[in-house]
Amino acid sequence: TFQYPEGLTTNKHEEDNESYAHVELTDTNHKGNVIVWVKDAPKGKKGKVVTTLAEWIESDTRFNSAIILDTTLGGKPAKKILLQIPKKMIIVGTLSDGLLFTVDGDLNDADYWTPIHTRITDSFQFTSPKDAEINVGQPATDKSTQPAVNEPVSGVEEAVDEEEIIE
C-alpha cells in the first residue's frame with residue numbers, strides 16, 4: 001500500500017499483462033508522473049534472475065552513469081537511483097519474494113513531482129491483502145514519516161488522503 005496527494009489521476013494499466021502492478025499517477029496541470037511497478041525480478045548479466053540489489057543495479061544499463069544511494073522502501077533495504085540520461089528520473093526500488101518493486105518518478109516538473117515521489121516512498125508498506133483491508137483510509141499518525149491528513153506537503157497544496165493497494 002502507499003499514499004499519495006488527493007487530486008492526482010490514477011491509471012492502473014489493466015492492459016499490462018507483464019507486470020503485477022503498474023499504477024501511474026498523473027496531474028493534468030503538471031508534466032511528468034510517478035509510476036509504481038511490481039514485476040518479476042529481472043535477469044542479471046549471467047542470465048540468472050537477480051537476487052540482490054547490487055545485481056539489479058548491475059543488470060540495468062540505464063544506471064551506469066546514475067547517482068545511486070542506499071535507502072529503504074517499505075522497511076526493506078532499497079536503492080535510490082537519480083538519472084539524468086535519457087531523461088531526469090528518480091527510481092527507488094527493492095527486491096522482495098522474487099519481485100522487483102519500484103517507484104519511478106519522471107521529474108519533468110521536479111518541484112512538483114519530487115515531494116509526491118517522496119510521499120509515496122515514505123508511506124510504502126508491504127502488507128497482506130487482509131492487513132490492507134483493515135488499514136484502508138486510516139490517516140497517518142507517525143509525523144516522522146507521514147503527515148496527518150491536513151498537514152500540507154511541501155510543494156503540493158493538497159494533503160495526503162488517497163491510498164492505493166497493490167495486490
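Q: Which residues does isoleucine 120 touch, not counting residues up to four places away in sequence?
A: Isoleucine 120 touches Phe2, Gln3, Tyr4, Leu25, Val34, Val36 and Val103, with contact meaning heavy atoms within 4.5 Å. Bear in mind that this is a predicted model: local features need pLDDT of at least 70, side-chain atom pairs count only at pLDDT 80 or more, and totals for chains, interfaces and linings use all residues. Residues are numbered from 1 along each chain as its sequence is written, and side-chain values use heavy atoms, with hydrogens and water left out.

Q: Why does phenylalanine 2 count as buried?
A: Its relative accessibility is 0%, and buried means under 20% relative accessible area (1.4 Å probe, protein chains only). So phenylalanine 2 counts as buried.

Q: Which members of the largest nonpolar core touch the most other members?
A: Phe2 and Ile120, out of 22 residues. A nonpolar core joins buried Ala, Val, Leu, Ile, Met, Phe, Trp, Tyr and Cys residues through side-chain atoms within 4.5 Å. Strands 1, 3 (21-27), 4 (30-40), 7 (89-96) and 8, plus helix 2, each supply at least two residues of this core. Helix 2 gives the largest share, 4 residues. A second, separate core has 13 residues, including Ala41, Val50, Leu53 and Ile91.

Q: How many aromatic pairs does the structure hold?
A: There are 7. One of them joins phenylalanine 2 and tyrosine 4, at 6.0 Å centre to centre with 50° between the planes. Rings of Phe, Tyr and Trp (its six-membered ring) pair if their centres lie within 6.5 Å; planes under 30 degrees apart are stacked, over 60 edge-to-face, the rest tilted, so 50° makes this pair tilted.

Q: What makes the pair of phenylalanine 2 and phenylalanine 124 stacked?
A: The ring centres are 6.4 Å apart and the planes sit at 5°, so stacked it is. Phenylalanine 2 lies in strand 1 (residues 2-5) and phenylalanine 124 in the loop between helix 2 (110-123) and helix 3 (129-135), so the pair ties together parts 122 residues apart in sequence. Ring pairs also link Phe2, Tyr4, Phe101, Phe124 and Phe126 into a cluster.

Q: How do you know that threonine 102 is buried?
A: Relative accessibility comes out at 7%, so threonine 102 counts as buried. Threonine 102 is found in strand 8 (residues 99-106). Not counting residues up to four places away in sequence, threonine 102 touches Ile35, Val36, Trp37, Trp56, Ile91, Val92 and Gly93.

Technical notes:
Buried < 20%, exposed > 50% of the residue type's maximum accessible area, 1.4 Å probe, protein only.
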